[in-house]
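Biologist: I'm new to this one, could you walk me through it?
Modeller: Gladly, here it is.

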Amino acid sequence: MEFVITDSSQDGAQAGLPAVAPGACRVPEPGAVEAEFPGPQGTLVQHRWVEAAVAVRFEQLGPVAAFPVVPGRRWGPGWWWSATTGRHVMHGSQAMCMQLMVLDREPQVVGLSARPVRLIWRDPDSGRTLTWVPQLFARYADGRALLADCPATAAPAGERAGRAAAVLAAACAAVGFTYRRLVPPDAVVAGNVRWLAGYRHPRHRDAGRLEQAVLEAFTSPRPLMAGAVAAGDVLAALPVLYHALWHGRLAADLTRPLGEHTLVAPGPATGNAEQEQHGR
């Protein structure tokens, strides 16, 4: 059985690009899609996607395939230490590393992994067997899951990536997952997130035993530096403040450059010790 999926460009979808160029794209029935993923002792295991999606904790798996090293390219594979999981997650590009930061900061994300599964299907048009390895997997606290790719620009996907995205979107929808091509964040937002990411580690949470003083300094909105001064030693208070901004115990408008006059307010996160077991 085959069906036609018409992509409406995910209009209004938060943090999403069009999965495929507007128009109709034939994709296989999700039940005909296979999943290949790392098994015990590093062996590869293959099961039907609709079964694997329910049974496998993809957030706990390593990459199903190595990240390519492209000669002459200034950026190669690397590792991101996740405040969500307390473990390293591999990445293969600057764009992917940036999206890891964004997801790592999302309070509802509880698991992250890189390239944990390869989807395999027979193309309805050509009859060829095709595969695609999405770059990121994220698990949410309510059980939802995200498979994502991280393009370097907001340009529409190429033909191969677009057709693969249509297949992944249908396969994910069939099991209650979501597939996205993640929009690169605005340059100012990206710069602010990178800065705050430098303070994501739990060692910054109560440095100098100033956490309570910092939070109390912002019980009502006030400029960033004024609150740091009110908390005590400015140099000791700032890392605690940035850590609280990363984890959501304090909030600020990250669409504007972060600086001494940035208005900081109480955040939505409670920030108790259990929630930050791994730095969250």
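Modeller: What follows goes from the chain as a whole to its strands, helices and cores.

Biologist: What kind of model is this, and how are the residues numbered?
Modeller: This is a predicted model, in which local features need pLDDT of at least 70 and side-chain atom pairs count only at pLDDT 80 or more, while totals for chains, interfaces and linings use all residues. Residues are numbered from 1 along each chain as its sequence is written, and side-chain values use heavy atoms, with hydrogens and water left out.

Biologist: What does the pLDDT come to on average?
Modeller: The protein chain averages a pLDDT of 87, and 87% of the residues score at least 70; pLDDT is the predictor's confidence in each residue, from 0 to 100. Over residues 1-23 the pLDDT is below 50, and this stretch has 56 contacts in the model beyond near neighbours in sequence, where contact means heavy atoms within 4.5 Å. Residues 271-275 also stay under 50, and for them the model has 6 contacts beyond four places in sequence. Where pLDDT is low, the predicted coordinates should not be read in detail.

Biologist: How many helices and strands are there?
Modeller: The protein chain has 7 helices and 15 strands, which are DSSP runs numbered from the N terminus, with H or I over at least four residues for helices and E over at least two for strands.

Biologist: And how much of the chain is buried?
Modeller: Of the 280 residues, 48% count as buried, where buried means under 20% relative accessible area, exposed over 50% and partly exposed in between, with a 1.4 Å probe and protein chains only. Among contacts between residues at least 6 apart in sequence, 62% join residues at least 24 apart.

Biologist: Which strands form the open sheet?
Modeller: There are 4 strands in the order β4-β3-β8-β9, with antiparallel pairing; two strands pair if DSSP finds at least two bridges between them. The edge strands, each pairing on one side only, are β4 (44-48) and β9 (129-132). Within this sheet, β3 (residues 34-38) and β8 (residues 118-122) pair over 3 bridges, and Glu36 has Arg118 as its bridge partner in β8.

Biologist: Let's switch to β10. Is it buried or exposed?
Modeller: Strand β10 (residues 136-140) is mostly covered, with 5 of its 5 residues buried. Leu136, Ala138 and Tyr140 point one way, whereas Phe137 and Arg139 point the other way.

Biologist: Which strands does β10 pair with?
Modeller: Strand β7 (residues 109-114) pairs with β10 in the antiparallel sense over 5 bridges, with Gly111 opposite Arg139 and Ala114 partnered by Leu136. As 5 of the 6 residues of β7 are buried, that strand is largely enclosed by the rest of the structure. Strand β11 (residues 145-149) also pairs with β10 in the antiparallel sense, over 4 bridges, and there Ala138 stands opposite Leu146. The hairpin of β10 and β11 has 4 residues between the strands, and in it Gly143 takes a positive phi near 95°.

Biologist: OK, helices now. Why is α2 called largely enclosed?
Modeller: Because 9 of the 12 residues of α2 are buried, it is largely enclosed by the rest of the structure; among them are Met96, Cys97, Leu100 and Leu103. Helix α2 (residues 94-105) reaches 17 Å from its first C-alpha to its last, close to the expected 16 Å, a span taken as 1.5 Å times one less than its number of residues.

Biologist: Which residues have the most contacts inside the largest nonpolar core?
Modeller: They are Leu103, Val214, Leu241, Tyr242, Leu245 and Leu250, in a core of 45 residues. A nonpolar core is a set of buried Ala, Val, Leu, Ile, Met, Phe, Trp, Tyr and Cys residues joined through side-chain atoms within 4.5 Å. Helix α7 (residues 234-247) gives the largest share of this core, 8 residues. A second, separate core of 29 residues includes Phe37, Val56, Trp121 and Leu168.

Biologist: What is Ala244 in contact with?
Modeller: Leaving aside its neighbours within four places in sequence, Ala244 is in contact with Leu215, Arg249 and Leu250. Ala244 lies in helix α7 and is buried, with a relative accessible area of 3%.

Biologist: Last one, where is His204?
Modeller: His204 is in the loop between α4 (187-197) and α5 (211-217), and it counts as buried at 15% relative accessibility. Beyond its neighbours within four places in sequence, His204 is in contact with Gly198, Tyr199, Pro239, Val240 and His243.
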